[in-house]
Amino acid sequence: MIIKRLFHLAAGCAILGFAACSEGGSASTAPKAKVSIIPLPARLLETPDSFLLDKQTVLVAASEADKQVAALFNEYFKSISGFALKVQDSAARNMIVFASMPAAEKGLPETYRLKVGKDQVTIQGDDAAGTFYGMQTLIQLLPLQQASSYWVAGVDIFDQPRFSYRGLHLDVGRHFFPADFIKKYIDLMAMHKMNTFHWHLTEDQGWRIEIKKYPRLQEVASRRKETMVGHYDDQKFDGKPYGGFYTQEQIKDVVAYAKARHVTVIPEIELPGHSLAALTAYPHLGCTGGPYEVGTKWGVYDDVYCAGNDSVFTFLQDVLDEVMILFPGKYIHIGGDESPKVRWEKCPKCQARMKAEGLKDEHALQSWFIRRIEKYLNGKGRQIIGWDEILEGGLAPNATVMSWRGTEGGIAAAKQHHDVIMTPGGYVYLDHYQSQGKNEPVAIGGFTPVSKVYAYEPVPEGLSAEEARYIKGAQGNVWTEYMKNSEHVEYMVYPRAIALAEVLWTPKEKKNYDDFLERLKADLPRLEKKGVNYAKHVFEVRGVIESDGKGGLQVKLDSKLDGGKITYTTDSTAPTAQSAAYASPVPVTKTGVVRAAVFQGDRQYGNEFQQAFVLHKAAGKTVTLAKPPHQNYNPGSPFALVNGIEGVKEFNDNQWTGYSGGTMEAVIDLGDSTEISVLGLNTLSNKDQWIYPPKQVTFYISKDGKHYTEAGQQKEIDGKGIIRVRERLKETVKARYVKIVAQSEGRIPEGAPGEGNPAWLFVDELIVQ
């Protein structure tokens, strides 16, 4: 497949200069590896001592929990060295000790202390999880090469997590992944001290968990007749039946496997929406009675569980009873997101329910639905987690909120003193594009490189210290509409999940992206050892378009590749190792394409940087916005609106400025009185994804920035994809300031996908010619 071809790991060690990659042959003694730990510990002191680990080294573990950690260490160590170490209750010297922290030193759960001295290594955990994480850190101190003995660098580490919830999600409804891969996924999480696996088990496109009381969930709901291929807009299907589910025995095995690695598995059973597969199996659970068909398209379906039908709650309670036996953890995720109300609005049973319960609207009916399920689960000693839509109509009393539509839901829930898991799409949705390279496999959209994940701060601004305590952590979400197999999942998730792991573990003040990248270079060979198809974009050449400080544009190039040489061209031709060597920012002086690549010798590494520019009179000038865009579609500053770059229709290039409803108002300062004959903007229309062109665009000009004159107006803007709105003035005018006001569609009209929700308004380049 293309991602294996493009990002094959075989040459990775040589390109990145990894000394530790060699696995061939057995050296007598492996030298000390550089101390390089991810996530970065809370306190780390390197010492002059070193410990020689050899075949006589003993693993000391007295308790059953410590013996389990010792066994997991031995399992890993044998895969590297070819031999295992003895496990004993005690030893005199040459030992690695796994033990509990003294009572006087105990503090936060998952805390550990690791000391590497001349005669012994000691790992002490506040609890079993702490000891396990200390063992994971010790693994990162070991070289990867096969040898008969290993020098381990001296360290004194005291470490504990910043957040208690450090999660990674996987959607198995859109595409199904075998149980062995789920175990590998959990292994990789534990390797970087992530502790919660959110298993998204039910969807419109497939039900993936065996429920013995309802066999049609396996026979019918787990299968669909075909699957979308390519971009959503292509509306193409493969014509091949698709299905799969996990037996209860497989699930028990995975949960036990995760528990041994201190990963809690949280199952998600979606309700009341995203339930089309279940309705297909049991049509009486829907408002219309069907017939239904398991979803073959991605997106949101109108058919949901009928809130007025008591048999729905009998079904869900029966399902949850079996789920709770399989998943002994505290939480059950009940979804609660993207549940259209159109069926409820026309359903006599739902309307009767609203009247009987004194509910003012269908949002309140959804809240009632969630509260009823929560009451049932609370009665069984469990608590619910739901996506932030569960805030609508009133929050269930004990619910934990996953805030995915930005930070607003998380802030609202924390202010109500509810626990919050932050999962904002713009930072931790790992189904977004991670590179602007032209050879990237199809993704849903967006642009979230490793650097953006690493920059994420889970505690939103505006919360008091007391309210901030309710932010329990964050989670990376992996929706698999466009991920057909496990290799593709790995490609999308790693190394971005490693960046998130450090965000959630390491003290905020210790984070440093450049230092993280240096440590990542030592960590990636461990992914290679585990056969992970990780993406290597983080070391390819990157370009930043910025103002040159004189009202123009320039391109700043960079690469973190050790020993890499960046070359570039400005005439649209492909760069080679012999092209102009990059030394300082490249000025943009004409419409055209700047291309750059990083080379080791004559060999190009990773994707080429390629950026087309459209030069116009506003390019590089100062822009101010009357109100900020939505945080999920905020390129970082208004400068993206005048950087000479026209955003692409897939909106995966971090160029589009997005508003959820409302109006965009921008003022451009051209710096001096300028002749103007054309004003314009680029906008996007993709109504299947709730993106609408503006209802109206009005252009104004001014000489002083205070008094504006209308220069033109456009209405009835329609089309699909990128729409270039241009207002040609009747005669050339002179002005210094240009104001552009784009009014959004408002609410999405009835009958359209997302009806009733705010329409998205996307604006890109503001044009002055």
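Is Asp253 buried, exposed or partly exposed? Asp253 counts as partly exposed, because its relative accessibility is 38%. The scale behind that label has two cut-offs: buried means under 20% relative accessible area, exposed means over 50%, and partly exposed lies in between, with a 1.4 Å probe and protein chains only.

This is a predicted model, in which local features need pLDDT of at least 70 and side-chain atom pairs count only at pLDDT 80 or more, while totals for chains, interfaces and linings use all residues. Residues are numbered from 1 along each chain as its sequence is written, and side-chain values use heavy atoms, with hydrogens and water left out.

Start with the partner of Asp253. The side chains of Asp253 and Lys183 meet in a salt bridge, with 2.6 Å from N to O. Such a bridge is a side-chain nitrogen of Lys or Arg within 4 Å of a carboxyl oxygen of Asp or Glu. The pair links distant parts of the chain: Asp253 sits in helix α7 (residues 248-260) and Lys183 in helix α5 (residues 179-191), 70 residues apart. Helices (H or I, at least four residues) and strands (E, at least two) are DSSP runs, numbered from the N terminus. Lys183 counts as buried, because its relative accessibility is 16%.

Now follow α7 itself. It has 13 residues. From its first C-alpha to its last it reaches 19 Å, close to the 18 Å expected at 1.5 Å a residue. The expected span is 1.5 Å times one less than the number of residues in the helix. Gln248, Ile251, Val254, Val255, Tyr257, Ala258 and Ala260 are buried in α7. What covers these buried residues includes α3 (64-81), α4 (128-141), α5, β9 (196-200), β16 (264-271) and α9. Contact here means heavy atoms within 4.5 Å. Just after α7, His262 takes a positive phi of about 60°.

Two strands pair if DSSP finds at least two bridges between them. Strand β8 (residues 165-171) and β9 pair in the parallel sense over 5 bridges. Within that pairing, His169 stands opposite His198 in β9.

How many salt bridges does the structure hold? The structure holds 38 salt bridges. One of them joins Arg372 and Asp310, with the closest N and O atoms 3.6 Å apart. Arg372 lies in helix α12 (residues 362-379) and Asp310 in helix α9 (residues 310-326), so the pair ties together parts that are 62 residues apart in sequence. Arg372 counts as partly exposed at 28% relative accessibility. Asp310 is partly exposed too, with a relative accessible area of 44%.

Another salt bridge brings together the side chains of Arg405 and Glu389, at 4.0 Å from N to O. This pair also links distant parts of the chain, 16 residues apart. Arg405 is in the loop between β19 (400-403) and α13 (408-415). Glu389 is in the loop between β18 (383-387) and β19. Arg405 is partly exposed, with a relative accessible area of 33%. Glu389 is buried, because its relative accessible area is 6%. Elsewhere, salt bridges that share partners join Asp171, Arg174, Glu203 and Glu481 into one network.

Glu675 stands opposite Lys734 in β34. Strand β35 (residues 760-768) is joined to β31 by 4 bridges, again antiparallel. In β35, Ile767 is the bridge partner of Gly680.

Finish at Glu46, in strand β1 (residues 43-53). Glu46 is exposed, because its relative accessible area is 52%. Leaving aside neighbours within four places in sequence, Glu46 is in contact with Val35, Gly154 and Val155. The C-alpha atoms of Glu46 and Val121 are separated by 14 Å, and the two residues lie 75 residues apart along the chain.
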